[in-house]
Each structure stands twice: as C-alpha cells, then as structure tokens.
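This briefing looks at selected local features of one structure, with attention to backbone geometry and side-chain surroundings. Please read the points below alongside the sequence and the coordinates.

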Amino acid sequence: MAVRGLLMPFPNTAPSHPAVAIIPALISCLGKFSGARRARFYCRHHTAEIDRRDKFAQRMGAAGLKPHHRIAIAVSGGPDSMALCVLTADWKSDNLVDSATSVTTKGRSNHVDGLLAIVVDHGLRPESAEEADLVRNRVLDMGIKCQVSHCEWMDGKPSPGHLQEAARNKRYETLQNICIQQQISILLIAHHADDQAELFILRLSRNSGVLGLAGMSFASQMFSQFPDFCGQESRPRGILIVRPLLDFSKEDMYDICRSGNQQWVEDPTNKSPVYARNRIRMSLSNLSSSIFKTELEATISACRGTRLLVDKFCNLLLKQAVTIMPHGYAVIDLETLRAMEVKDIYLAKFVTSVVQFISQKHRPVRGKAVKLLQSYIRTLPSKTSLTVGGCYLCPAPGSKGTKVLVCCSVNLSFPVTMKLFHPFSYGGHNCFPTSDLEQIVKESEAYLDRFTSDAPFSDIATESVLIEAKKLGILSHSTYESIVTLQQEESDDFKSKAVSKFASKDGIPSSNDAAAAALNNFVIMPGQVGYFMDRFVVDWKTRCDGEGDCFFSSSCDERGAEVRHMVDADWLYLSDLSKKNKANVGPPEENNHQDDDKCSSSSNYYGILSASRAIECLKCIPVAARRSMPVLVNAQGLVLSIPSIGFAQCPHLMKVSVVFSPRIPLGGGHTSFL
C-alpha cells in the first residue's frame, strides 16, 4: 500500500460534459478509422466497459455487499487501486452506463455517499508524504472522501530483509484501525488475477499444499487486537476484507483507469529483482501467451474450488465434533470423526483450525506438524499426549480415550502478553455498536451455500497438484513445463537465501532470552481491563465508596497486581489454605481485635472460605487446562485472585472477573474462496 514513486503522464483535466468524457482516451485511435470502423471500435470498447462493470457488480453481490453499505478502499495510487476507486464509485452511484461519465460528473463538492479512500504513507522514503498528498488530491477529484495516515515506527524502521512484511503488517493494522474509528465494516483491496498467479508460483516454490495454492481469499474477516467487551459479554471485533478484482487482469486495471480519465503512479521498487514477487512477475511476463494464462488461471480456480469444499466440510466438523469450554480449552469427539470417515485434507484443516483457535497463534500449523496431528487424531482410543502448535493434546479424563483435550500450552518459549483496553473502549451502554457486517456475512454465506464447485484436488498429495492438473487436461505439457521451471528457479533462490540466513545467528534470540520473555508478568490496576494472551478479558472493577478496606485491597489500589499463568503451586496453595481451621480465625463480626487485626482476620477468613469453593470448582477442570488460566498476584508473589474459579483473598478482589474471549473465532471467521 506504499504510495508509488513514478507519475504516469495522462491528461489532468476531464471534459466538462460527461457525454464526451471518453473521447480524449480514444481520439487518436478513432481518427485512423473510417466512420463505420470507428463506430465498431467504440461499440467494442463500450461493451468491454459494460462487461467489466457488470462483472464487478456481480462480485460485490457475491460478497453480500449493496451500494448503501459504508465501504473503505485501500488506495496506493497505483493503477490497481485507482481502477478499484473508479468501479466502486460507479457501483455505489448505481450508474452502470459509462464509467467515465459517472466518475467525471462527481468532484470535491459532490462526494460519493458512504465511501472512504484510505492512503497509508509508510514513511520509508523521503518523498512518500508528498506522494500521499498527490494521491489524496486525485481521489478527492473523483468525488471520493480520502484520509491519509502517516505511519510511525516506534521501534525504528524495519530492516531491508523484513521490509515488505513489516510494511504490510503496519499497513493492514492502520487500515483496520481507521475502519473501526470510522465505523466502517468493509474494506476493499485491489488484488487482481495477476497477483494470484504470482502468489501461486511463490507458494508452489515453498511447497504449499492445495489450500495454500488457492491463493488470496475473495472475502475474509480481519480481527482487531481487542474484542468488543461489555461487562460479562465479549465477542470478536473485526472488518470484512473483500477483493472484488480477482477475476480482472492487470491490463484491465490500465484500461479502466484510461477510460475513467484517471492518472496513476508506478512504484519503482516493483522492478527490483531483490523481492521474490518481482522476479516471479517478470518471469510470468515472458510467458504471457493467452494459453498459458488461461491454463494457469484454471489450475488456480481448481485449487480454489477444492479450498471452498474443504472449508465447508471443516465448518461442519467444527460444529459436530468440537466443544469449546468456558475455561479456554476444546474437547474433540474422536468417535464422531471416525463415523464421518474424514479425508486427510479435511482432517488437516479441521485439527489445525482447532489448534490455532486455542493457541491464538498468528501462523497456522504446517508441514510435519500437520501429519503428527492427523496421526494423533486418527488414533482411537487415544492413549498418549502431544504438544504441537502452542497446544497440548491429551485424552480427556473419563472418556476412555474417545475424546481429546486441546489446551493452550504455557511451557513453550513464546512470550506472555497482556494488553490494556483503552478506557473509552468498554463499559458504555452501547458496547456492541450496530453494524451491517453480520447481515453481509449471512448473505455471503447464503450465496456460498447455493454455489457448488468441483474439487479435483481433494484426494491427492500436495506435491501432485501440477501432475493431477496435467492428467485432467487442465494444463498442457508446455504450460506444465513452464510452471515447473518457474517453481524450481524460485525454490532454488529461496533455499540459497535460507542457508545464508541460518548460517548467521545475528538477531536470533537465545533460549535464555526466550525463557525470560516467557516469565514476564504484567500489572493491572483497579478500574482497568486487560487482554491476556489474546484469549482472556480480565476486568477489574473499582470499589465503591463506603465499601471499607482491608490489607489486600488497599495494597492493590496502590500497586495493582501482576497477571501470569496458573502454576502447580497455585492449586497446592489453595488446597493448603482451604484446610486451615476457620474456627481459629472466626467470622469478622466475632473478632474483637484492633482494626488492623480485624481487617487481616476478615481477609483470612474470607480467603479460607473462597479457597474451599475454588478447590471444588477446580476439580471440574482438567489439570492440562488449568495452566493457561490467568492468576493475579501481588509484588511478593502471593496469589490474590484466580477469577476463573472464583477465588479471591478478600471480598473487594471478587470484583476481578475473567471472560474467555479469543481474538480470532473458531475457524478464523467468515472466508470465501469463490
């Protein structure tokens, strides 16, 4: 989304009358033809425009979108995003006659309702801010409201080796934040068919499976770093990313910009062979025959059809064979899976979805770990345990191996995290603002349910996709050989760089550093709400005036409490505390000691009763699942509260509550590979 660097010359002013808006783009060509040939040329061009806009409207409808929805567009200023602006502005205006006509009748004084363009300036080049303003002015002239966001790199700008990934992550974070601030649920991205082809070759060279070779999704949800939270209720918060141009070519992007009389800029770094995508793009441009492109697109389409079917069946498995428990773990019913005779490709998607949901790790399980998971889940009865992908799997107690627990593993060396909610992001009366997103997703899913697709690659091994495509007649021999050559070239380049990377240990954290990071604790104060490990919302309500005081609550008001995972010593402590003789302490109303002693006695008495109840609750939670629950401790390490099981040292600490609310829902939210 970086703003591009090279201005492409094109007329800066549009004709004043919409009826002749198309003439500047065609006048030089039409002048060469006779009257009859000129009319045929104009008709062909006009028909192509109508076809493109009809196709765009169909794709928007397949995503469940309607012109009245509030929509944002990610704009870089290149031909792809500028073409997307042209098509979206026309579609929202409900004017499907002529793209140039509809756009040029708008301007800064006549904005398209419910449409916002977002330009992200990464700030990685000295001239980027000026270029962002240039793009902003062009978009405003199209009649589209525009907002420019300038990135700040608090930890310093990314190194060249991680530049593209870091810029992409920053870009999407910025786009999402602006959408949430503006209460916009839909973000359009200008990826097109040529981008899909590049990604196919890139992933093929990295040994991706069929699902990875399906490329970018047509629609998918992206979730905020914080869920919506209101009291004891919480739910994931996100936006829907839609890529309506995946059926359009790069050449279509240029044609749409020209017919809409729009300028664009080109990014000079797109020609640098340093980046894998650029190398692949240049190689593909040398193989631009219509047969090659058609067959490559057909192969990608077959992968997408397979992905669509796998996703549908995986969602069915998640509903029928998985139970999510409120303490943050999952139970998989192995007998249900066996009865459904699940194929390997479906089972792999299913079990990795569960593991990723419980761990909330950004990257899914891949490679050999997937085969380990498949083998483990297919073993009935289950008798062993397995640690993989940030999760610990083991037989469920009392199930005789017919059910498996999936628990978040806290013994791995990835850092403990807790983020604090912004004070104004929770506690209001309208905690869950109304949004069109739920209805949009429902309509999109209803469209998916009506759509049937072939899945030619659902029964083959990963490395056999190209061979199967050739066998089915999707790929000709020449196209097959060309793709294999591209794959091998990029694969060799990737392996050589991987060897040099691992040969140097610079920047690789030691195991001691990782272990130290894993032991970090985080402080929460009364009145704050924290988000622990992207899984638990920790809400510490403030005490009301006149509620009294005690040793624990007064110290917490001043210093807060640290939050960490539960450890074995915690339930041993609860057991010891519950066994103390309450008679020696006595209820607070029967204690005749001084005030300080009375407060201490009251807290001790309450803590003993609370520990007894917590122990009973703890017995219902498997040991493996306990270790991921959040615990509040004071500076000396004394356990103050374990909200998940209702333990607190004093009544004031009962105001701390915990809700299991994963950032990303089971299955990853709505996704469409149409």
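Asn 207 counts as exposed because its relative accessibility is 60%, which lies over the 50% cut-off. The model is predicted, and the points that follow are grouped by topic.

**Positive phi values**
- Most residues other than glycine have a negative phi, and most peptide bonds are trans.
- Asn 207, a residue other than glycine, has a positive phi near 65 degrees, and its place is in the loop between α7 and α8, the latter spanning residues 210-213.
- Asn 261 likewise has a positive phi, here near 60 degrees, and lies in the loop that runs between α9 (250-259) and β10 (265-266).
- With a relative accessibility of 9%, Asn 261 counts as buried, because the cut-off for that class is under 20%.

**Cis peptide bond**
- Leu 380 and Pro 381 are joined by a cis peptide bond, for which omega is about 5 degrees.
- Pro 381 is placed in the loop between α14 (368-378) and β13 (386-388).

**Surroundings of Gln 196**
- Gln 196 belongs to helix α7, which covers residues 193-205, and its relative accessibility of 5% is the reason why Gln 196 counts as buried.
- The side chain of Gln 196 reaches the backbone nitrogen of Met 216 at 2.9 Å.
- When residues up to four places away in sequence are not counted, Gln 196 touches Ala 214, Gly 215, Met 216, Leu 246, Ile 300 and Arg 304.

How values were computed
Residues numbered from 1 in each chain as written. Predicted model: local features only at pLDDT ≥ 70, side-chain atom pairs only at ≥ 80, totals over all residues. Heavy atoms only, no water. Helix = DSSP H or I, 4+ residues; strand = E, 2+ residues; numbered from the N terminus. Buried < 20%, exposed > 50% of the residue type's maximum accessible area, 1.4 Å probe, protein only. Polar contact = N/O pair within 3.5 Å; in protein donor to acceptor, adjacent residues only side chain to side chain. Contact = heavy atoms within 4.5 Å.
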